[in-house]
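Please open the model in a viewer and keep the selection panel at hand. The stops below proceed from one selection to the next.

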Amino acid sequence: MIAFIIRRVGQALAVILVMTVLVFFGTHVIGDPVWMMVPGDATQEQVEQVRREFGFDQPAHRQFLAFLRDIAQGDFGRSYVHGGPAFALILERMPATLELAFAALLMAVVLGIPLGLYAGLNPEAAPARAIMAGSILGFSLPTFWVGLMLIMLFSVMLGWLPATGRGPTVSVFGIETSMLSLEGWRHLLLPALNLALLKVSLVIRLTRSGAREAALQDYVKFARAKGLSRRRIVGVHILKNILIPIVTVLGLEFGSLVAFSVVTETIFAWPGMGKLLLEAIQRLDRPLIVAYVMVVVMLFVTINLIVDILYSALDPRVRLTGDTA
Amino acid sequence: MSAEAGMPGAEMAGAGGLGRFARRFAEDRVALFGLVLLLVIAGLALIAPFIAPQNPYDLARVDIMDSRQPPGARAGDGFTMWLGSDGVGRDLVSGILYGLRISLAVGLVSGLIAAAIGMTLGLVAAYAGGRTETLIMRLVDLQLSLPSVLVALILVALLGKGIDKIILALVIVQWAYYARTVRGSALVERRKEYVEAARSLGLSHARTVFRHILPNCLAPVIVIATVQTAHAISLEATLSFLGVGLPQTEPSLGVLIANGFQYMLSGKYWISFFPGIALLVTIVAINLVGDRLRDVLNPRLER
Amino acid sequence: MAAAGRGRPVLEVSDLATHFLTREGVVKAVDGVSFAVHAGEVLGLVGESGSGKSVTGFSILGLIDPPGRIVAGSIRLKGEELVGRGEAAMRALRGRRFAMIFQDPMMTLNPVLRIDTQMIEAVTAHEAVSVKAARARAVEVLGLVGIPAPEERLNAYPHQFSGGMRQRVAIAIALLHRPALIIADEPTTALDVTIQSQILAEMQGLVRDHGTALIWITHDLAVVAGLADRVAVMYAGRIVEQGAVDSVLDSPIHPYTQGLIGSVPGTARHGARLRQIPGAAPSLLRLPPGCAFEPRCARAIPVCRAAPSLSRTPDGRAFRCHNPVPQGAALPEMPA
């Protein structure tokens, strides 16, 4: 097990290194970073001064090593727009984004698994067909447009829920969350639903195909032959088997939720790091973009690690191979 | 046990196979509806200049006095704006028809380029093996592990605005799907006898790949292509909506929706609503077709 | 043989018909099957795959799913009619009054649940006992089927067992409630020959000790010869011949039974040559109007195009054939 974890951590570090190279290449080689840092009417002298000051006159590999050293120390430079250290800015906004992504994941699971189970166990029933048709609609809907329509319906027309911003937050163990107050949930509901939409369809489809496959397995027939109730067969025997692929995929999809929150946060003015990224892109705030990319890459790598460990906790067969490795 | 009878393998080789394939596709009425819808949408986009009441690019025809008119209002020129007008006075029906042209074109062009690049690399990986294969597949893994919307955002941030930049970004987020799929099927096909037979006849490598392996990888590629095209159209709209995609001079559906965003809170819903419906219907139609293709072309999922 | 006169049978199946209503037509998987099993008796249900022997087993347990349906006949467990009972009533019987063991032990135990979970739930599904008591019962039956150190093995997952051990666990689960009837659907075909014979011997002992009726579904005549008291041979959804195992295997009446015996290496007797039955089993969608075996039968005569009715011999054997195999000196009193 320990060897397994060490190997996985090694792989994770390799991925981070590769991404660092790619980010460096993208920002330092494709474009000349100096032009993003000087005013449009800068003189040749000013340009050269900035170039020396930031070390852009050095050879590429020296610049890369300096870049690596800075990153290792958590120094991504200062945001041109906000002035503060880029890394701190991202970290400050991260909890809001994670909260949003987590709420969306929760919604996807709570809505998707029961619907998918029903559709998988009663494939010919009319409601099951409706669920499947709905799931095609679900992954066809453009997220940003659905966000607009949610605001239109629930905020402008019905006036039930606020359209923008994050509600009041409560601090729990140093983490600010809006999930502990009604007003917080009122603000969280629409953006989370918006973000969850794509994943609901995914969970429905995964659960449905998993349930259809599991229902045909001998162990289900054997469980029936033992005289178990339908509820126990579905809730324990089938669900536990299909939970493994669902947890794996959802874990990996958490990354894409964080990525897609750029869209949702922009629409709902949610003060997360996605909104910060979009502002950084629009204003060409390079250190902030780099910091965001590196933070997200590390987040992904960490999630993948957690998913791997969760996976082995759920599937006893994997645990065994982990022990012997 | 009842399944023993009548299990046709879903091969689509030869004209007879194609006929049977078409029949099986049409068995699903919803998918057939999707296909018809898709053809109608594509047709409308194609003949947009002839049927649109207004050329939304022709500034001489667009009157600022007509701006933000609700659906059904009469334009200064006398025609009825059935879906209303946007913030600068463009007729939304015309805007949507022209917007469809751009959205579909961007989706198709990026899809075709990505398919060409991805399939080539996938075939090379499967056929060459060794280091080449490892390198290509590691790239594929890396690409697929990153969410496409994020990659596309960062790319346009680096590359800048413009239709060519958007297409490039969309190609970069799509190619890996084709490469992975084609490599997978090519590896299976490669082991089959006919490749050996073709080789023993003295055919060149390139000829073996393109005449023998490629046609047999087509079924999964067609499925991927529908899904990816829908995805590309949606992604372009998203980027344009976020203001980092297509410029105002090339108003795709996403740009139209973005333009309506600011009027939304004052209740002028139609500027964002109708282009969004057009986008949604297009994507749903493609996905319905793709979903059915997946069922028909995949013998494992039969029944 | 000895069991035949022992009062009311544990299970009585008469004229059972289970059909599958598919898009291509009605598949008559089981069509007019009758047999009985007594306490302590082993009935071997023999046939090729697709002959309807497994469907017969699932019909008894009430585990036929749409598009399948029991369309006619009666199944009586100790006199109680099972056909037409609701799902809840059947569920209360399954695992308690009768149990089933499946073919592939790799597939019948849920791979992600521990053995104790799967055994305890089988106990508590029918009896309101504490988990502790259920666990004690599990330990007891695991010991009964020859699993060493059952206390520790309970905490294992199925993949940590060998195939033979897994099948023993499945048998133990079937024995949890001391059922009156066990249906075993080819439970040893997936196992090694040595383990197969061990399990056969153990099953035989358990059935004898507990007075359980056992239906052993198999395509393997050698297994039947060693284990069963009586045998029923199925072909295309019908029982073509049944009787005491020794007399059926020694002197088959139905040409199909004869063909089966002849095609099994090692069971061919009296110098009969090893040979295949020509042709293939008919599609259950398009059965011939008469005897289903007629197209493949070397002894077919014109009258075989009409369905043969059930004939009986004085020694309690039954068969469906217009032109039965002539009986040798062993049974001189056989009618022609």
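Helices (H or I, at least four residues) and strands (E, at least two) are DSSP runs, numbered from the N terminus. The model is predicted, so local features need pLDDT of at least 70 and side-chain atom pairs count only at pLDDT 80 or more, while totals for chains, interfaces and linings use all residues. Residues are numbered from 1 along each chain as its sequence is written, chains are lettered from A and ligands numbered from 1 in the order in which they are written, and side-chain values use heavy atoms, with hydrogens and water left out.

**Stop 1: the interface of chains A and B**

Select chain A and chain B together. With contact meaning heavy atoms within 4.5 Å, 38 residues of chain A touch 34 residues of chain B. The two chains bury about 3,200 Å² between them, 85% of it on carbon and sulfur atoms; buried area is the accessible area (1.4 Å probe) that two parts lose on being put together, summed over both.

Now display A:R205 and B:D291. These residues form a salt bridge, with the closest N and O atoms 3.3 Å apart; the term denotes a side-chain nitrogen of Lys or Arg within 4 Å of a carboxyl oxygen of Asp or Glu. The rule finds 1 salt bridge across this interface.

Which elements give two or more residues to the side of chain A that touches chain B? They are α1 (2-30), α5 (126-140), α6 (143-157), α7 (182-215), α9 (230-268), α10 (273-282) and α11 (286-314) of chain A. The largest share, 8 residues, comes from α9(A). By class, this side has 29 nonpolar, 7 polar and 2 charged residues, where Ala, Val, Leu, Ile, Met, Phe, Trp, Tyr, Cys and Pro count as nonpolar, Asp, Glu, Lys and Arg as charged, and the others, Gly among them, as polar.

**Stop 2: the second largest pocket**

Select A:L22, B:V151, B:I154, B:L155 and B:L158, which lie nearest the centre of the second largest pocket among its 29 lining residues. On a 1 Å grid over the protein atoms alone, a pocket is an open set of points with protein on both sides within 12 Å along at least five of seven lines, a cavity is a set where a 1.4 Å probe fits but cannot get out, and lining residues have an atom within 4 Å of a point. This pocket holds about 750 Å³ of space; grid points are joined across faces, edges and corners, and a volume is the space filled by probe spheres set on the points.

At least two lining residues each come from α1 and α11 of chain A and from α5 (130-145), α6 (148-159) and α7 (163-191) of chain B. The largest share, 8 residues, is that of α1(A). The lining has 25 nonpolar, 3 polar and 1 charged residues.

**Stop 3: chain C**

Move to C:R230 and C:E41, whose side chains meet in a salt bridge (2.9 Å, N to O). The pair links distant parts of the chain, 189 residues apart: C:R230 is in strand β9 (residues 230-235), and C:E41 is in the loop between β2 (25-37) and β3 (42-46).

Then centre on C:P67, in the loop between α1 (53-61) and β4 (68-77) of chain C. The peptide bond from C:P66 to C:P67 is cis, with omega near 10°.
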